[in-house]
Amino acid sequence: MELIPIVPLGTEYTLSDFECHTAIDAAHRRREVNIEAEMDMEPVDTNRHRNEVELDGVSAEIAFCHLFNVYADLVGEARRSEFDEGDCRLGPYRVDVKGRPEYGDNWLLVSKWKAKDRLYALMTGAHPAWTFRGFMLGKDLFARNPVEVSKGKPAMYKAAQAELYPWSVVVL
């Protein structure tokens with residue numbers, strides 16, 4: 001039986017030097033392969049450069065995986081959403097980790113084409129320092145109506161940080 005650590009909401013983690021270098025290398029590799037596969041999409045957050053968004057995404061995944069004592073996928077090939085297995089496994093769930101800057105409301109944002117059978121996790125901060133904010137099951141998130149987050153971008157599913165829950169609620 002797999003033991004999953006109890007990680008309280010609000011737990012902070014800063015990547016080690018090795019993890020920082022791993023995140024930088026993985027983000028660079030992901031961006032290159034997405035460009036080669038013609039799958040490089042403009043980020044929803046147009047206030048930041050796409051390289052920064054990619055690095056934050058990988059960095060948040062590594063921080064989450066460290067906190068929950070699981071391995072990050074860190075896949076280096078372009079994948080369409082139907083072939084995406086998530087960022088890691090936590091118990092019986094495939095987890096998709098979302099890294100967001102510390103804005104006032106810290107929304108969990110998920111694209112309409114993502115898998116509904118996932119567990120979504122929110123980490124807030126910026127490379128290399130992250131804070132775990134909580135989980136939401138895909139079935140709960142996708143039961144909502146998608147909303148426009150950025151002008152001209154596809155609508156997304158959205159949950160406020162206050163609506164997210166800890167692991168103990170996920171397994172109930």
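**Contacts, sheet and core**

Visitor: Let's start with R133. Setting aside its neighbours within four places in sequence, which residues is R133 in contact with?
Guide: This is a predicted model. In it, R133 touches L9, G10, E102, N106, L122, T124, Q161 and L164, leaving aside neighbours within four places in sequence.

Visitor: Where is R133 found?
Guide: R133 belongs to strand β6, residues 129-137.

Visitor: R133, buried or exposed?
Guide: Buried. Its relative accessibility is 17%, and the cut-off for buried is under 20%.

Visitor: What joins the side chains of R133 and T124?
Guide: A polar contact of 2.8 Å.

Visitor: OK, zoom out. What is the strand order in the sheet?
Guide: The order is β1-β6-β5-β3-β2. Five strands make up this open sheet, and the pairing is mixed. At the edges are β1 (12-14) and β2 (88-90), each of which pairs on one side only. Neighbouring strands are turned by 40° against each other on average, direction ignored.

Visitor: How many bridges join β5 to β6?
Guide: Eight, and the two strands run antiparallel. Strand β5 covers residues 119-126. For M123, the bridge partner in β6 is F132.

Visitor: And in which sense do β3 and β5 pair?
Guide: Parallel, over six bridges. D96 has Y120 as its bridge partner in β5.

Visitor: What about β2 and β3, parallel or antiparallel?
Guide: Antiparallel, with three bridges. C88 stands opposite V95 in β3. The hairpin of β2 and β3 has two residues between the strands. In that hairpin, G91 takes a positive phi near 60°.

Visitor: How many of the residues of β3 are buried?
Guide: Six of its eight, so β3 is mostly covered.

Visitor: Which strands does helix α2 lie across?
Guide: α2, residues 50-68, lies across β1, β2, β3 (93-100), β5 and β6. The helix runs at about 80° to β6.

Visitor: Now the core. Which residues have the most contacts inside the largest nonpolar core?
Guide: F64, F68, L90, L108, M123, F135 and L141. This core has 43 residues. α2 gives the most to it, with nine residues.

Visitor: Pick L90. What is L90 in contact with, leaving aside neighbours within four places in sequence?
Guide: I4, F64, F68, V70, V95, F135 and W167. Among these, F64, F68 and F135 are also listed with the most contacts inside the core.

Visitor: Is C65 buried or exposed?
Guide: Buried, with a relative accessible area of 2%. C20 is buried too, at 13% relative accessibility.

Visitor: Last one, A162. Where is A162 found?
Guide: In the loop between β7 (156-159) and α4 (167-170). A162 counts as exposed because its relative accessibility is 77%, and the cut-off for exposed is over 50%.

Visitor: How far apart are A162 and D105?
Guide: They are 57 residues apart in sequence. In space, C-alpha to C-alpha, A162 and D105 are 8.8 Å apart.

Notes
Residues are numbered from 1 along each chain as its sequence is written. This is a predicted model: local features need pLDDT of at least 70, side-chain atom pairs count only at pLDDT 80 or more; totals for chains, interfaces and linings use all residues. Side-chain values use heavy atoms; hydrogens and water are left out. Helices (H or I, at least four residues) and strands (E, at least two) are DSSP runs, numbered from the N terminus. Buried means under 20% relative accessible area, exposed over 50%, partly exposed in between (1.4 Å probe, protein chains only). A polar contact is a pair of N or O atoms within 3.5 Å; within protein, one must be able to donate a hydrogen and the other to accept it, and residues adjacent in sequence count only if both atoms are side-chain atoms. Contact means heavy atoms within 4.5 Å. Two strands pair if DSSP finds at least two bridges between them. Axes are lines fitted to C-alpha atoms, for helices over the stretch in contact, and angles run from 0 to 180 degrees between N-to-C directions. A nonpolar core is a set of buried Ala, Val, Leu, Ile, Met, Phe, Trp, Tyr and Cys residues joined through side-chain atoms within 4.5 Å.
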